[in-house]
Amino acid sequence: MDDNDRLLPGGQDDLQKFELENGFTVSLRCVTGARQQQLCRSDTEQFAAHCYTGLRAYPGCEVLSRFLLRHADICRGASVVELGAGVGLCGIVAARLGAATVTLTDGEPEALRYQELNIASECRGSAAKCNVEQLLWSEPDVERFRKLHPQPFDLVLGADLIYHRVDLTALLTTCRSLLAPHGIVAMAFIPRTPDAEVRMRAAADALNLTLRFQALRAFLPSAEISDRAWGTLRLALLWHSDANAAGGIPSFADLTEFPDDV
């Protein structure tokens, strides 16, 4: 990586290789965890105030990417949008698995610049039409985005978006607004508050979305879940409740209504 191409001053960004499975690898321009800690402790006001949290690929990104690899059929020919995509790992995986279109979104301008570079380097062999758009989870901005993308999306992705400050109603309202009638929302996250799943279910119910949790053991080896301390991660799937009767939702193994069962 040429220093002239780096996005953070002083060569602070990194190139990280993600070895997902069966030789499927993705190399992304990002900020590693160690580098982020350095930036947060920096005397430079710009770094200390921002910490560049959106420029890392967190464990949920890898888990969601692994889920997509095991269920590549939901990507093939699909229109895909990734919310809060950060450096874009999950969306790029979907593109390489045969998605027709992939739109990476984030609210942070720095993340959008990283997404553009990562798409250019990692989607060159993909037939997917990939683009980057800024998107905030607010009604006015979602409406603006929908005017640019009037067709709803078959697959909505989100990794590591649920934390103590997040507005779950705003997040799931955005998902619902963008989701096609028989589409799927797939999200991976660590519940960082004791009531995260309860609040998520309440928000989903209010929006007429069905919420189910996928057992990680259905697509990851138990030893790897333990070795990588992924046991607290959740893989959530949501879809329009009206689609249940129509039978338009793909079947997944080991779905449960309650996360404690996974």
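In which loop does Ala229 lie? Ala229 sits in the loop that runs between helix H9 (222-227) and strand E9 (234-240). Before we go further, a word on the model: it is predicted, with local features needing pLDDT of at least 70 and side-chain atom pairs counting only at pLDDT 80 or more, while totals for chains, interfaces and linings use all residues. Residues are numbered from 1 along each chain as its sequence is written, and side-chain values use heavy atoms, with hydrogens and water left out.

Let us take in the whole chain. Its secondary structure comes to 10 helices and 10 strands; these are DSSP runs numbered from the N terminus, helices being H or I with at least four residues and strands being E with at least two. Of the 262 residues, 52% count as buried. Here buried means under 20% relative accessible area, exposed means over 50%, and partly exposed is in between, using a 1.4 Å probe and protein chains only. Residues 24 or more positions apart account for 69% of the contacts with a separation of 6 or more, a contact being heavy atoms within 4.5 Å.

Back to Ala229: this residue counts as exposed because its relative accessibility is 61%. Its phi is near 55°, a positive value in a residue other than glycine. Asn208 also has a positive phi, near 60°, and is not glycine either. You will find Asn208 in the loop between helix H8 (196-206) and strand E8 (209-214), where its 34% relative accessibility makes it partly exposed.

Now follow helix H3, which has 12 residues. From its first C-alpha to its last, H3 reaches 17 Å, close to the 16 Å expected at 1.5 Å a residue; the expected span is 1.5 Å times one less than the number of residues. Because 10 of its 12 residues are buried, H3 is largely enclosed by the rest of the structure. Among the buried ones are Gly60, Glu62, Arg66 and Leu69. His71 counts as buried, at 16% relative accessibility, and leaving aside neighbours within four places in sequence, His71 is in contact with Gln214 and Phe252.

In soluble globular proteins, nonpolar side chains tend to be buried together. The largest nonpolar core has 55 residues, and those with the most contacts inside it are Leu64, Phe67, Leu68, Val93 and Leu157. Such a core is a set of buried Ala, Val, Leu, Ile, Met, Phe, Trp, Tyr and Cys residues joined through side-chain atoms within 4.5 Å. Not counting residues up to four places away in sequence, Leu68 touches Ile74, Cys75, Cys90, Val93, Ala94, Leu97, Leu155 and Leu157. Apart from this core lies another, of 29 residues, among them Phe153, Val166, Ala203 and Leu207.

Our last stop is helix H10 (residues 243-246), where Ala243 is found. Ala243 counts as buried, with 2% relative accessibility. The C-alpha atoms of Ala243 and Thr210 are separated by 9.2 Å, although the two residues are 33 residues apart along the chain.
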